[in-house]
Amino acid sequence: MTTQLSTRSGIALDVRIASEADEAALAAFFDSVSDEDRRFRFLAAAEHVSHEQLDPLIHADHYQSESFLAFDSANGALVGSALLACDKALDTGEIAVSIRSDYKGKGVGWALLDFLGSEARRRGVRRVIAIESRDNHAAIELEREKGFTPEPFEGEPTLVILSKTFR
């Protein structure tokens, strides 16, 4: 099933669930993400994303976790990856979004953040969180604009949790 979204800049996106067949496309996608954004997404510096890092994105359980891919409807290019990973009680869901470098600043992140929030609410999740490097000012600002509240990450001064409560 594909969901269609529009960004604030008018880009039409086709969003669907990732599968095992998407591993090579995801590896190529993360090669098109800036080194800094790849480090922010995986909280580790690496030139390429490993199979172990891609595994949760292509083997989601479709209950507690779901991985979505966003494609530009005009050209079919993979431009975004979005993950929702919830605790067993479906009380809290962690979200993570990555955007291809040449699509940053065009509203893709906004659209995927809203989409993940809708998915979380649909599943009955009470609260979503994003764990960010304190250096990731763009993501922190975007999440704050979308109603997320920053909180300290206990025991890890280089990270911050941004949370949004639905109920």
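**View 1. Helix 1 and helix 3 are oblique to each other.** This follows because angles under 35 degrees count as roughly parallel, over 145 as roughly antiparallel, 65 to 115 as roughly perpendicular and the rest as oblique, and in this predicted model helix 1 (residues 23–31) packs against helix 3 (residues 51–58) at an angle of about 120°, with the axes 10 Å apart. Axes are lines fitted to C-alpha atoms, for helices over the stretch in contact, and angles run from 0 to 180 degrees between N-to-C directions; helices (H or I, at least four residues) are DSSP runs, numbered from the N terminus.

**View 2. The contact between helix 1 and helix 3.** Helix 1 contributes Glu23, Leu26, Ala27 and Phe30, while helix 3 contributes His51, Leu54, Leu57 and Ile58, where contact means heavy atoms within 4.5 Å. Of the residues in this contact, six are nonpolar, one is polar and one is charged (Ala, Val, Leu, Ile, Met, Phe, Trp, Tyr, Cys and Pro count as nonpolar, Asp, Glu, Lys and Arg as charged, and the others, Gly among them, as polar).

**View 3. Helix 4 packs against helix 5.** Helix 4 (residues 108–122) and helix 5 (residues 137–145) meet at an angle of about 55°, and their axes lie 11 Å apart, so that helix 4 and helix 5 are oblique to each other. Gly109, Trp110 and Leu113 of helix 4 make the contact with Leu142, Glu143 and Glu145 of helix 5, a set with three nonpolar, one polar and two charged residues.

**Notes on the model.** Residues are numbered from 1 along each chain as its sequence is written, and side-chain values use heavy atoms, with hydrogens and water left out. Local features need pLDDT of at least 70, side-chain atom pairs count only at pLDDT 80 or more, and totals for chains, interfaces and linings use all residues.

Technical notes: Helix = DSSP H or I, 4+ residues; strand = E, 2+ residues; numbered from the N terminus.
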